[in-house]
Amino acid sequence: MEKTTPAPDVEGAIETRGIEPVPDSERRGRVRELFPTWVAANISVLLLTMGAGLVVSNGLNFFQVLLVAVLAPVVSYGIVGVLTIAGKRGGAPGMTLSRAVFGQRGNLFPGAVTWIARWGWETINAVTGAYAVLTILNLLFGIKSNTPLIIVTLLFFVGATFTVSGMGRKVLLLCNKWSAYLFGAFSVAVLGYLVAETDWSAVFSRPAGSTALLVAGVGTIAAGGISWAPSGADFSRYLPRTASSKGIVGNTIAGAGIVVVPLVLMGAVMAVGTPDLAKATDPVSFIGKLLPMWLSVPYLLIALIGMLLINSMSMYSAGFTAQTLGFKIPRAWAVSVNAVISLVFGSLLMIVATSFISSFISFLTLLAVSFSAWIGVFGVDMLRGRVYDPKALMDTSRTSAYWYQGGFAWQAMVAWAAGLVIGLCFTSVSWFSGPLADSWLGKNGLGWAVTIVIAAALYWVLPRQRTASANELAAAEKAVEDALVG
């Protein structure tokens with residue numbers, strides 16, 4: 001059984017609580033705190049590049065891009081918002097609550113997939129942040145990129161990320177709030193510059209693209225949002241049980257949408273005059289070419305802070321996932337594992353890889369599928385009205401109410417595995433193509449949607465797993481004691 005010594009309150013600067021559920025007496029969070037949290041989670045110049053890709057690669061016109069930019073955050077962060085409600089119910093991180101669904105041992109499988117996927121997400125963000133630093137150095141001082149400088153900028157970015165994520169929730173909330181204000185102000189300035197300088201006749205004269213590529217575009221933009229689904233509860237576990245569920249979902253969608261929509265549209269507008277934007281090896285330096293220095297440098301500095309916070313939030317959640325998997329180390333030290341991994345992988349991506357954008361889109365596609373199997377199962381379990389037992393969540397022995405059969409909830413495991421395998425069959429990336437990738441669903445980039453539907457449907461129709469009764473738990477505990485005595 002895991003150590004459950006109560007952690008101190010988090011009112012200090014550094015959060016010391018791990019994965020143990022937050023007592024009701026310490027749940028002083030407010031629903032409105034979720035708005036700047038999800039604003040900060042989307043402050044990334046990669047959305048500009050993805051918006052450009054909708055024009056150049058998908059062939060969409062301005063109004064189709066607008067539709068994609070609105071639908072994607074509504075779909076993806078709608079899912080995130082619904083699953084975030086679990087945090088106020090159970091007061092624990094998402095992957096810890098997942099123990100109640102998959103069993104104490106069974107949860108190790110989706111937990112491991114989530115943790116590994118976080119490596120990729122943090123690597124992508126670290127690389128983008130490093131590119132932002134390199135671009136600023138080039139604009140201000142004419143310093144050109146080289147291998148030693150790449151390593152130094154990665155070290156700077158990952159080190160700053162580790163510091164912020166290690167300090168915990170209170171510091172993240174403060175940073176998220178001010179970065180949202182600053183990035184919003186500078187985004188308005190960039191938008192105003194584009195309005196004045198863009199050839200709008202060229203923007204609006206583009207022909208419409210196919211419906212299939214429009215749907216695929218929604219999936220591509222939504223994939224980044226879906227990746228936050230297992231982490232939603234991490235940021236709502238300090239909310240009181242009486243917090244508004246509608247408010248949780250609404251603030252999640254609004255916080256993401258207010259950033260995603262304008263950034264994707266700005267990228268699409270930029271791409272009309274600079275079609276090479278969507279294929280750039282460096283996803284950041286184009287900003288210095290398209291905007292005047294007085295605007296590009298401060299904008300990149302604020303965007304750099306935003307990308308640092310995205311990575312900090314991801315590492316914050318990854319620390320909980322590592323603890324859930326059984327790493328007996330404090331959350332801050334668990335974060336350091338992901339920091340080292342993102343540093344190593346980031347160096348390889350910047351120095352060795354030939355196409356950042358291709359690698360990024362492939363990663364997003366696989367990321368969405370890997371998280372979607374968990375979403376389908378966990379979402380159905382939530383909708384059934386799951387009530388989380390704090391003691392059982394932390395008890396990883398056979399006396400836990402969430403031990404089920406040998407530590408596994410086979411219904412959840414079967415649904416999760418089937419959804420994952422079938423979803424991959426409909427998925428195609430630059431280096432992998434499933435046997436059903438040429439189907440209508442595959443060509444429309446809906447492998448992630450197939451994964452959710454299959455996992456959710458299977459889990460819904462399979463017999464419900466039974467939680468052990470108090471008498472059964474007492475008998476199991478006595479059997480363990482007898483075995484130890486014997």
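Colleague: Which residues does Trp38 touch, not counting residues up to four places away in sequence?

Modeller: Trp38 touches Tyr77, Val80, Trp228, Gly232, Phe235, Thr252, Gly255, Ala256 and Met313, where contact means heavy atoms within 4.5 Å. This is a predicted model, in which local features need pLDDT of at least 70, side-chain atom pairs count only at pLDDT 80 or more, and totals for chains, interfaces and linings use all residues. Residues are numbered from 1 along each chain as its sequence is written, and side-chain values use heavy atoms, with hydrogens and water left out.

Colleague: Which members of the largest nonpolar core touch the most other members?

Modeller: Trp38, Trp228, Val377 and Phe378 do so, in a core of 140 residues. Such a core is a set of buried Ala, Val, Leu, Ile, Met, Phe, Trp, Tyr and Cys residues joined through side-chain atoms within 4.5 Å. Helix 13 (residues 293–324) gives the most to this core, with 15 residues. Another core lies apart from it and has six residues, among them Trp119, Ala318, Leu325 and Ile341.

Colleague: Why does Thr123 count as buried?

Modeller: Buried means under 20% relative accessible area, exposed over 50%, and partly exposed in between (1.4 Å probe, protein chains only). Thr123 has 6% relative accessibility and therefore counts as buried. Thr123 is found in helix 6 (residues 108–141); helices are DSSP runs of H or I with at least four residues, numbered from the N terminus. Leaving aside residues up to four places away in sequence, Thr123 touches Ile341, Ser342, Phe345 and Gly346.

Colleague: Why is helix 2 (residues 46–56) described as largely enclosed by the rest of the structure?

Modeller: Of its 11 residues, 10 are buried, so helix 2 is largely enclosed. The buried residues include Leu46, Met50, Gly53 and Val55.

Colleague: What makes helix 3 oblique to helix 10?

Modeller: The axes of helix 3 (residues 62–90) and helix 10 (residues 211–226) come within 8 Å and cross at roughly 40°. That angle makes helix 3 oblique to helix 10, because angles under 35 degrees count as roughly parallel, over 145 as roughly antiparallel, 65 to 115 as roughly perpendicular and the rest as oblique. Among the residues that meet are Leu67, Leu71 and Tyr77 in helix 3 and Leu214, Val218 and Ile221 in helix 10. The residues of this contact divide into 11 nonpolar, five polar and no charged.

Colleague: How do the axes of helix 8 and helix 13 cross, and at what angle?

Modeller: The axes of helix 8 (residues 169–197) and helix 13 come within 9 Å and cross at roughly 145°. The residues of their contact divide into 17 nonpolar, four polar and one charged.

Definitions and conventions: Helices (H or I, at least four residues) and strands (E, at least two) are DSSP runs, numbered from the N terminus. Axes are lines fitted to C-alpha atoms, for helices over the stretch in contact, and angles run from 0 to 180 degrees between N-to-C directions. Ala, Val, Leu, Ile, Met, Phe, Trp, Tyr, Cys and Pro count as nonpolar, Asp, Glu, Lys and Arg as charged, and the others, Gly among them, as polar.
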